[in-house]
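Visitor: I would like to go through this structure step by step. Please show it first.

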Amino acid sequence: MSTSSTSDRAIQVAVEAPILGPLTYLWTYEQFPHPGTQVIAPLGKRKVKGVVLGIDENPSTEFELKPVLLKEEEEDSKFFLPESHLKWGKWLSEYYLHPLGQVLSQFFPPLKKTSNRKRKNQLFWEDPTREPEQAPTLKSEQENAVQQILKSSGFQTHLLLGVTGSGKTEVYLNVLEEILRQGKSGLVLVPEIALTPQLVDRFSKRFPGQVAVIHSQLTEREKTDQWWSMIDGQRKILIGARSALFCPIPNLGLIVVDEEHEPSFKQEEKLRYHGRDAAVVLGSFCKCPVILGSATPSMESWENVQEGKYQLHELKSRATESHMPDVHIVDLREVREHRRDEPSELPFWLSDTLYEGIQSTLNRGEQAALFLNRRGTAQTNQCPECGFVSECPNCAVSLTVHQRSDLVCHYCGYTEAQTKRCPSCHVGQMEPLGLGTELVESDLLKLFPQARIARADRDEIQSRHELEDLIQRMEKNEIDILVGTQMIAKGLDFPKLTCVGLVLADVGFHWPDFRATERSYQLLTQVTGRAGRHSQDPGQVFIQTYSPNHQSVQVAQSHQIKSFYESELGERRDLNYPPFARIALLKIQGNDKTKTLQSSQSLVKRAYQLKSAFEVFESVQVLGPAPAPLSRLRGKYRYQVLIKAPQSQVIREFCRRLIQDDKCLHSGTKVQVDIDPLHML
Ligand code: ADP
Ligand code: ZN
């Protein structure tokens with residue numbers, strides 16, 4: 001587009017409204033706008049924000065075009081998105097089937113720019129007078145990784161596989177140092193929950209005054225200021241949760257995604273994107289390297305290494321002198337049998353082995369943590385005698401209890417009647433799987449009256465402030481036993497924590513999701529890595545389970561992760577699940593049960609029509625409609641339809657056509673599409 005002055009011309013603008021494509025407006029200012037400039041556009045009676053895409057060569061003559069307005073503040077109106085980010089925004093919109101204008105609006109800060117002179121409060125990481133911290137000499141594995149990553153030119157994705165505490169962060173810091181030396185900037189993404197002052201401190205100590213931070217708890221003013229400090233080039237490293245991807249950093253030279261396997265990189269509302277996948281695509285548009293770091297990489301990333309798309313770098317030993325922990329597996333079936341003959345004083349969920357483990361830890365003045373993997377409310381029943389859980393014969397996921405009498409597969413809708421007696425061993429009575437952290441806490445208070453016990457789960461810990469407070473109390477050794485859900489397992493590092501117990505590992509094994517085994521493996525391995533990170537003696541880990549032979553338990557003990565990936569990927573291949581096939585989840589919601597079900601059924605009917613109408617869609621599989629595991633949520637009835645296809649392009653095109661025409665839906669029912677869904681709820 002020319003930037004010289006012209007008479008009024010038609011331009012395409014992506015407006016912030018639920019409209020998939022761009023609209024045409026009139027440009028009336030003298031200086032022509034650069035693509036990527038934000039403007040104010042009239043839409044009906046409202047004025048909305050929009051982003052200029054380019055000239056409209058063939059504007060429709062049907063309507064009179066309305067002019068757009070520039071933003072008030074000169075500096076704000078002069079800014080435009082770099083071409084790389086504009087392209088990335090278009091990709092997001094097309095890939096995740098989300099209105100372009102709503103994607104692009106996320107690139108801009110919430111408030112107007114303030115001049116630097118007006119800024120009063122300095123955030124702690126901004127202090128440029130701090131002494132830069134001396135970097136440790138890299139170990140040879142770290143040095144190799146750094147050199148190889150720097151050797152690749154342009155875009156390349158690297159998977160940095162290193163056990164917990166192996167020094168991955170140190171690798172990021174060293175690569176960043178070189179990127180900054182080349183005059184470029186870096187972006188470091190971490191899961192929101194891991195974005196603690198400790199982490200930010202580590203980066204800002206190495207690079208004083210060069211770090212900006214974006215997370216959900218900053219004020220709009222702070223966010224805007226952090227955003228501009230990167231755009232102006234005043235700061236060179238942006239650390240943030242997934243939304244930091246939307247800061248259009250100029251001259252981006254490196255993207256790091258730490259803990260890349262973390263499900264929290266997936267956004268579950270509006271634009272349902274995966275932060276890791278989107279980061280890799282952004283790296284390709286910015287022609288820069290991307291490092292994905294993890295001790296337990298996702299199946300997707302591992303398969304990408306096998307296919308030669310990602311380069312693998314391994315850190316096999318811990319950077320400090322500590323050892324990997326001893327892992328004890330406690331078979332709950334045996335515990336139960338034993339207690340039938342010899343009743344125990346201990347609560348049903350606590351084995352003698354774990355009890356003694358906690359007791360001796362407290363005697364040494366050290367800390368214990370108990371995890372209970374309690375997720376959501378989809379109810380699965382298990383036999384307490386043999387550990388049996390009913391599975392769908394078609395989809396190999398656990399069946400969920402619906403309306404107290406049916407067991408339902410929420411992938412394909414398969415249903416069977418629930419029985420009281422276990423259909424496998426014919427002895428046990430099926431009962432809901434899982435117990436609560438509250439019960440564990442209250443039992444512990446009775447068993448260890450002297451101990452200081454704290455509970456950390458979504459009910460207890462609601463804000464970043466509360467989480468940081470908890471971390472501090474653990475660090476100061478003001479807590480003896482910590483009880484919590486997996487939210488406390490993420491990346492925490494406490495010197496005195498030497499005993500970790502998993503109360504009932506099975507909850508995760510039978511989560512009704514094809515990723516249940518992968519998640520359990522990641523959780524168990526990550527949790528195991530929390531114990532004894534700084535002690536000379538290895539930490540002690542106790543895994544209580546009805547399925548001691550479950551793969552995830554076995555890897556947590558043996559640390560043989562490669563054979564785990566092989567067998568899990570084999571199963572995914574056999575069952576046609578990602579990473580070998582692509583899936584999309586259509587969620588149908590409505591206030592009226594019959595209408596919602598009918599809408600779901602007509603959507604499926606339309607899906608079959610599409611399949612037979614176009615040859616490319618022959619390979620598409622349509623499953624459902626099935627009730628969602630939480631079939632009523634916030635007063636809405638929910639059904640879902642699962643779409644599988646071998647290629648991502650096919651599935652996207654299929655879904656696009658499927659939702660384009662909403663005539664098949666009753667009014668009052670709504671469809672949402674989730675491409676590459678992570679949570680099947
Ligand atoms: P990860 O990110 O893999 O969990 P970190 O980078 O946090 O590992 O390193 C774990 C600990 O080891 C940290 O306390 C870090 O300071 C230390 N460390 C890392 N690399 C080295 C090294 N080369 N020499 C000495 N200590 C190191
Ligand atoms: Zn099924």
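Guide: This is a predicted model.

Visitor: What is the geometry of the site of the zinc ion (ligand 2)?

Guide: The zinc ion (ligand 2) is held by the SG atoms of C392, C395, C409 and C412, at 2.3 to 2.4 Å. The angles among these four donor atoms are 106 to 113°. For four donors, angles between 85 and 135 degrees are what the definition requires. The site is therefore tetrahedral.

Visitor: How are the donor residues of the zinc ion (ligand 2) spaced in sequence?

Guide: The donors are C392, C395, C409 and C412. Written as a pattern, their spacing in sequence is C-x2-C-x13-C-x2-C.

Visitor: How many residues apart in sequence are the parts that C392 and C409 tie together?

Guide: C392 lies in the loop between β15 (381-382) and β16 (400-402). C409 lies in the loop between β17 (406-408) and β18 (415-417), so the pair ties together parts whose separation in sequence is 17 residues.

Visitor: Is C392 buried or exposed?

Guide: Buried means under 20% relative accessible area. The relative accessibility of C392 is 3%.

Visitor: How many disulfides does a search of the whole structure find?

Guide: A disulfide needs two cysteine sulfur atoms within 2.5 Å. For C425, the closest cysteine sulfur is in C383 at 3.7 Å, which is too far for a bond. The search of the whole structure gives a count of zero.

Visitor: Which strands are at the edges of the open sheet?

Guide: Seven strands form this sheet, with parallel pairing, in the order β8-β9-β7-β10-β11-β6-β12. An edge strand pairs on one side only. The edge strands are β8 (211-214) and β12 (310-315).

Visitor: Which residue in β10 is the bridge partner of L187?

Guide: Strand β7 covers residues 185-189 and strand β10 covers residues 252-258. The two pair in the parallel sense over five bridges. In β10, the partner of L187 is I255.

Visitor: What angle does the direction of helix α7 make with that of β8?

Guide: Helix α7 (residues 220-231) packs on the sheet. The strands it touches are β7, β8 and β9 (237-240). Its direction and that of β8 make an angle of about 140°.

Key. Residues are numbered from 1 along each chain as its sequence is written. Chains are lettered from A and ligands numbered from 1 in the order in which they are written. This is a predicted model: local features need pLDDT of at least 70, side-chain atom pairs count only at pLDDT 80 or more; totals for chains, interfaces and linings use all residues. Side-chain values use heavy atoms; hydrogens and water are left out. Donors are N, O and S atoms within 2.8 Å of the metal (3.2 Å for Na, K and Ca); water is not among the atoms, so sites may look incomplete. Four donors count as tetrahedral if all angles lie between 85 and 135 degrees; four count as square planar and six as octahedral if opposite donors are over 155 degrees apart and all others between 65 and 115; anything else is irregular. Helices (H or I, at least four residues) and strands (E, at least two) are DSSP runs, numbered from the N terminus. Buried means under 20% relative accessible area, exposed over 50%, partly exposed in between (1.4 Å probe, protein chains only). Two strands pair if DSSP finds at least two bridges between them. Contact means heavy atoms within 4.5 Å. Axes are lines fitted to C-alpha atoms, for helices over the stretch in contact, and angles run from 0 to 180 degrees between N-to-C directions.
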